[in-house]
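Here is a protein model to explore together, one question at a time.

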Amino acid sequence: MRTLVAASLAAIAVGYCLAVTVTGLALDPGHLQAAFAQGSYLGAPPASFALTTLVATLFSGAVTWLALGGAPGAFGPLSALGQRPLGRVACALAPLVVAPWVVLAQDDVSRRPSLLACLVGVSLASAVFQRLAGPSAEVETEPSRAQGAGWREHGPVLAVMGLHALIFSALAVLRDRGLWSATVDLGIFKEALWHTLHGRVMFSPTVGYSFLGEHFAPVLFLLVPLYALWPTSACLLVVQTAAVSAAGWPVYRVARAEGLGRGLSTALVAAMLFSPPMHTALLYDFHMDLLGVPALAALAWAVHQRRYGHAALALALLVSVKEDMFIAAGAVLAARFVTGDRRDKALTAALGAATLLYCGLAMTVLLKRFGPPPGVPVYMSDGTQDGYKFLRNFRHLAGYPGPVLKLLTQPVRFALYALTEARLTTLLGFIAPLAFLPLGARARVLLLAPLGIVLLSDNGEIVALRYHYSAIQHPGVFLAAAYAMGAWVRGSKRPAALGAALSALVVGASATMLATHPASVASRTHAHDARRVTPHVDAVDRLAARLPADARVSVGTFLGPRVSNRPYSIIFPQGLDQSDWALVDLQRPPWPAGPDQRDDILRGLMRADWGAVGWDDGAVLLHRGASTARNTEAVRDLFARRRYEVEGTEQSDFSNCSEAVTGASDGRARVVRADDPRPPGFVVFGPFLRLPPGDYEVTFRMMARDFRAGDGLLGEADVFVRPGRPVAARALTRALFASGGWVDVTVPFSSPDGWLDGVEFRIRSTLRATLVADVISLRARDEAACVDRMMGR
């Protein structure tokens, strides 16, 4: 009984430690110290903290129960400690006890989820191993059951792959339908495939020449017949997702061949496919790089089996994806070279030489062959890079004596560079949830070489794994983990228990990453809102439907994929001299222009000979030479009566807070709850407008509920202009929302002395209540004068 009481008390204490860690996970160092200063609950609502503590205690209790029922002496060198039940509990709970100090000590908030995942996984694995440790059992090799049971043996991994393909295909298509795909990059690939079907090989009006001159990617020709049958965004998004899902199969086969059981092999595949960085890659348009993921995994499986004919086919597919795939291919071939026999060495060396020859030819000859003709600028060039354009992502490796010799002659410098700051965060994000096991793959640690693309880059977007940059690293990391686990299991006296423990490690760590990492779609702090088809989307689609099929159009980047299948479409405001139509949505980011530049250009077109054919909910369709009779009305509705949905913008400190709300203008609003785990901040900011002199009022349609104890301010609604000057503000108090329903919070402001630049309409939350923000509406008090100024009269 004493043991049970002591173990229960330990579980409760550890539950509190884990709850503190989770509560502070998203707080930067300054806000974290302020939270600690507010007491044991870190300033969180007591009910919310109590729920977090309860869940954490249940988890630590489960770990404790598993450890209490374990076999004495399971840990070898720690066998003396493991002889006693409380000693076994201590071994299992130790990683969770240190979680607050290990995790919250990290100044880089984005580094914390991977470390927490590691600790949770190790704790769970420790408890499972102790529970199951017993006499040595035979290690089940991959052929022993696969041959007897056929495809039924592989049912779990096939289900995981199918579920992944279904979920992320649906999310990607929904994102596109919700007007969050962009010309860069989904629209570019649609342009290239459409023009190929119409006789211009991979031509993209946005790029200005054949896409093969941007990246030599002949793999795209495999998509041409499919695009001919299904010429939609969904075609590319589904193919991309299915390709990544398929990569699970060769990884699974390698894991089984290394002696890992079905459960552990399936868990590894699930962890790879559902890895949060992979969410980012799959949910940012289409990129041919992701087609290389299954090719790389297939290459690894082929060389593992010593089937070099299959390896040559997989390698050909891999290098056809992009001219720089020699790095990923070289990692697999090098790992086989150093671990194989003479035949392996000869064949992998031959394949490696062929790879370098082809990729070198692609970079030095083929890219130029398909590149810009005379007089056409290089797409997105900053004018500072000679030769291969994308070496600009590694500027510190440029110059004499070249990148390879620099790395070889200054290893300390570049190792320190790779293992510090944001690059260390990225590395930990890959290997910490696997308890650093990929580093134990011995010679096959070479499979991690593609991580060097990220760790040696001086491009912040690559280092942060934005867009598609994380995809090609995944197979190497999880294959290295499989090799390390296989060696460990084969050498263990308790292989069955160790296999189960490793499965628990992978599952526990992956679940933690899914629940806490900002890149995970399942995380409350996910970096993006849930995508939906709203009335605004329908309004934009109605305008797009009015474009003639052969219209030459300059289009806002987030509308680009809607109109890519035509002879000429290009990102607004580019190509206006060659366009007859312009389609722009003021409720989507204006890249590559700024909001003020975009608005000035639109008004300038309407002052000239471009007529407003139609406009609706902040989107406008202009046609060169059309009647300009309604342009004044369009300017009034679009700019002097500006209105936009708060949940329709990503300019917020509280992403993933778009919810269905009764009474909201389009059925949805941004809901920032009082128990949000992030620090106080802006529910919405932006949109950085440029307004002429005059008197205005901005109305924030809001609601507040779930008030916390006390009379402190709930926040503030204000008008802010560059370079950091408040113009007007109104305090958000509990009394303001006493009715319990929707409230129009109006803030008047003026610009008597000239145009205002960078105007923002902001709502700040102190997290003392749940704030619900629906619509922001701007009105000029003297609309006629405002419109006249905007029209240059």
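This is a predicted model: local features need pLDDT of at least 70, side-chain atom pairs count only at pLDDT 80 or more; totals for chains, interfaces and linings use all residues.

Q: Are α25 and α26 roughly parallel or roughly antiparallel to each other?
A: Helix α26 covers residues 495-516, and its axis lies 9 Å from that of α25, at an angle of about 150°. Angles over 145 degrees count as roughly antiparallel. The two helices α25 and α26 are therefore roughly antiparallel.

Q: How many nonpolar residues are there in the contact of α25 with α26?
A: From α25 come Met485, Trp488 and Val489, while α26 brings Pro495, Leu498, Leu502 and Val506. No polar and no charged residues take part, and the number of nonpolar ones is seven.

Q: How are α16 and α25 oriented, roughly parallel or roughly antiparallel?
A: Helix α16 spans residues 292-305 and α25 spans residues 474-490; their axes come within 10 Å and cross at roughly 30°. Angles under 35 degrees count as roughly parallel. That is why α16 and α25 are described as roughly parallel.

Q: Which residues of α25 meet α16?
A: On the α16 side, the residues are Val293, Leu296, Ala297, Ala300 and His304. This contact has seven nonpolar residues, one polar and no charged. The partners in α25 are Pro475, Leu479 and Tyr483.

Q: How many charged residues line the largest cavity?
A: The structure has five cavities of 30 Å³ or more, and the largest holds about 210 Å³ of space. Its lining has 18 residues, with Trp180, Thr534, Arg588, Glu647 and Gly648 the closest to the centre. Two of the lining residues are nonpolar and seven are polar, and the number of charged ones is nine.

Q: Which residue is joined to Trp591 by a cis peptide bond?
A: Look in the loop between β5 (581-585) and α28 (595-607). The bond there has an omega of about 10°, and the partner of Trp591 is Pro592.

Q: Where is Phe436 found?
A: Phe436 is a residue other than glycine, yet its phi is positive, near 65°. Its place is in the loop between α22 (421-431) and α23 (451-455).

How values were computed: Residues are numbered from 1 along each chain as its sequence is written. Side-chain values use heavy atoms; hydrogens and water are left out. Axes are lines fitted to C-alpha atoms, for helices over the stretch in contact, and angles run from 0 to 180 degrees between N-to-C directions. Helices (H or I, at least four residues) and strands (E, at least two) are DSSP runs, numbered from the N terminus. Angles under 35 degrees count as roughly parallel, over 145 as roughly antiparallel, 65 to 115 as roughly perpendicular and the rest as oblique. Contact means heavy atoms within 4.5 Å. Ala, Val, Leu, Ile, Met, Phe, Trp, Tyr, Cys and Pro count as nonpolar, Asp, Glu, Lys and Arg as charged, and the others, Gly among them, as polar. On a 1 Å grid over the protein atoms alone, a cavity is a set of points where a 1.4 Å probe fits but cannot get out, and a pocket is an open set with protein on both sides within 12 Å along at least five of seven lines; lining residues have an atom within 4 Å of a point. Grid points are joined across faces, edges and corners, and a volume is the space filled by probe spheres set on the points.
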